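Please examine the sequence and the structure shown below.

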Amino acid sequence: MANNKNKIAATHDDTIVLSFGEGTNTGNEQVVVRDKKDRYTTLNLGPTHPATHGIFQNVLTMDGEIIIDAVPTVGYIHRAFEKLAERRPYNQITPITDRLNYCSSPINNIGWHMTVEKLARIEIPKRVQYLRVIIMELARIADHIICNSVIAVDSGAMTGFLYVFQYREKIYEIYEEICGARLTTNIGRIGGFEREFPQKAWEKIEALLKELPAGLKEFENLVERNRIFMDRTINCGPITAENALAYSFTGPNLRAAGIDYDVRVMNPYSSYEDFDFIIPIGTNGDTYDRFRVREQEMWESMSIIKQAMQKLTTLADKSTYHAEVPEFYLPPKEDVYSKMEALIYHFKIVMGETEIPKGEVYHAVEGGNGELGYYLVSDGGRTPYRLHIRRPCFIYYQAYPEMIKGGMLSDAILTMSSMNVIAGELDA
């Protein structure tokens with residue numbers, strides 16, 4: 001069970017002081033001085049440990065079940081995203097972004113498209129912006145379903161995971177109707193979407209909005225006030241607001257510590273300023289608060305999707321699904337065979353010869369895990385001169401040792417789950 005009352009009170013060259021009980025220097029704790037060389041063992045948590053939900057390693061120094069020190073390593077899933085991007089035309093970089101936080105790939109895809117649009121100064125129609133909001137909020141729900149249900153599993157509650165996962169599958173079916181893919185979606189294009197949403201997709205979105213509230217409520221009833229779950233998660237892997245800011249936390253992990261920073265509000269994009277929603281925050285920055293923030297955010301995402309669908313009905317434009325940027329959209333095949341201009345666009349798109357202006361931009365979106373940013377430098381060539389991606393999981397992983405020191409090994413697993421560290425974002 002969560003043993004948050006065990007703390008490292010002090011460390012010295014050859015000894016360590018552990019306190020057991022209510023806090024440190026309160027008079028109620030038991031203090032034990034232990035010799036390092038006689039007590040410590042080394043434990044490799046990963047890189048392929050089944051409880052870490054990904055390929056990464058932590059070398060733990062253990063005193064029994066208490067973590068004295070931790071050294072995280074990365075590099076097991078290095079795919080050179082950023083260097084690959086320097087060798088590909090802009091429209092071929094979208095599939096690379098799928099492999100970042102693959103639990104919410106559409107947000108990665110659309111974030112990249114908006115970055116290029118900012119550099120190329122492409123105006124996106126209002127209808128397309130609302131369509132993007134719907135897709136990104138569906139992705140956020142799918143991401144949070146995975147994270148929170150896995151937290152429940154790691155605390156011993158398997159049933160909720162199996163139950164709530166059906167809704168993630170329904171979201172994947174919506175993706176499939178729109179773009180033909182489920183996990184690594186490659187959804188949309190620079191300028192909007194590749195095609196109009198089919199009627200079947202709208203029907204599935206409406207069905208999800210009708211069914212998900214009851215399912216989500218049942219999941220919350222199962223775990224949120226469950227005594228075992230609360231004992232396992234409250235005060236497990238906490239981080240203060242000051243430390244979270246110092247590490248550059250964003251997203252649910254920062255909001256759980258009490259900071260109401262959300263890119264959708266601080267720097268609105270895709271017309272998020274048109275929507276009414278609240279930013280849930282926590283107080284302790286622990287595993288329980290991270291779980292609660294994500295639960296509440298799913299309710300807000302459903303509200304945003306409903307608002308977007310309502311706004312779409314009020315627009316006079318009922319059919320636009322991309323901006324007027326023929327240099328990024330393949331023309332109809334019959335036009336390619338009969339019109340010179342269409343043939344030229346087709347050739348340039350396929351061969352990656354679309355012109356992009358010189359310049360540099362940074363664009364960020366509120367990803368499933370936090371601020372996902374793209375810093376793009378263009379020298380006017382057919383590929384980016386430089387692309388750097390701000391991956392929130394890479395930042396969270398730096399704070400992981402500090403968050404688990406002095407805790408139990410079982411708490412380290414729960415802490416990692418609640419931070420939603422996705423291995424695909426660790427290496428770029």
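Two residues are in contact when they have heavy atoms within 4.5 Å of each other. The structure is a predicted model, in which local features need pLDDT of at least 70 and side-chain atom pairs count only at pLDDT 80 or more, while totals for chains, interfaces and linings use all residues. Residues are numbered from 1 along each chain as its sequence is written, and side-chain values use heavy atoms, with hydrogens and water left out.

Helices (H or I, at least four residues) and strands (E, at least two) are DSSP runs, numbered from the N terminus. Setting aside residues up to four places away in sequence, Glu-297 touches Arg-140, His-144, Pro-252, Arg-255 and Pro-280. A residue is called buried under 20% relative accessible area, exposed over 50%, and partly exposed in between (1.4 Å probe, protein chains only). Glu-297 has a relative accessible area of 3% and is therefore buried.

Because its relative accessibility is 0%, His-144 counts as buried. The side chains of His-144 and Glu-297 make a polar contact (2.8 Å). Such a contact is a pair of N or O atoms within 3.5 Å; within protein, one must be able to donate a hydrogen and the other to accept it, and residues adjacent in sequence count only if both atoms are side-chain atoms. Not counting residues up to four places away in sequence, His-144 also touches Pro-252, Arg-294, Met-298 and Gly-368.

Helix α12 (residues 287-314) also holds Trp-299. Is Trp-299 buried or partly exposed? Its relative accessibility is 30%, so Trp-299 counts as partly exposed. Beyond its neighbours within four places in sequence, Trp-299 is in contact with Pro-213, Leu-216, Lys-217 and Glu-220. Trp-299 and Pro-213 are 86 residues apart in sequence, yet their C-alpha atoms are 7.8 Å apart in space.

The next topic is empty space. Rolling a probe the size of a water molecule over the atoms shows where empty space is left. On a 1 Å grid over the protein atoms alone, a cavity is a set of points where a 1.4 Å probe fits but cannot get out, and a pocket is an open set with protein on both sides within 12 Å along at least five of seven lines; lining residues have an atom within 4 Å of a point. Grid points are joined across faces, edges and corners, and a volume is the space filled by probe spheres set on the points.

By this rule there are 3 cavities of 30 Å³ or more. The second largest cavity, of about 40 Å³, has Glu-297 in its lining, together with residues including Arg-140, Arg-264 and Phe-277. Helix α12 gives the most to this lining, with 4 residues. The lining divides into 4 nonpolar, 1 polar and 5 charged residues. Here Ala, Val, Leu, Ile, Met, Phe, Trp, Tyr, Cys and Pro count as nonpolar, Asp, Glu, Lys and Arg as charged, and the others, Gly among them, as polar. The largest cavity has a volume of about 70 Å³, and Phe-328 and Ile-349 are among the residues that line it. The largest pocket holds about 440 Å³ of space. Of the 19 residues that line this pocket, Phe-328, Tyr-329, Leu-330, Pro-331 and Ile-349 lie nearest its centre.

The cysteines come next. How many disulfides are there? A disulfide is a pair of cysteine sulfur atoms within 2.5 Å, and the count by this rule comes to 0. For Cys-103, the nearest cysteine sulfur is that of Cys-147, 8.7 Å away. The sulfur of Cys-236 is 13 Å from the closest cysteine sulfur, in Cys-147, which is too far for a bond.

Finally, some features of the backbone deserve attention. The peptide bond from Gly-46 to Pro-47 is cis, with omega near 15°, and Pro-47 is found in the loop between β4 (41-45) and β5 (57-63). Helix α16 (residues 409-419) has 9 of its 11 residues buried, so it is largely enclosed by the rest of the structure. Just after α16, Asn-420 takes a positive phi of about 55°, although Asn-420 is not a glycine. Asn-420 is buried as well, because its relative accessible area is 7%.
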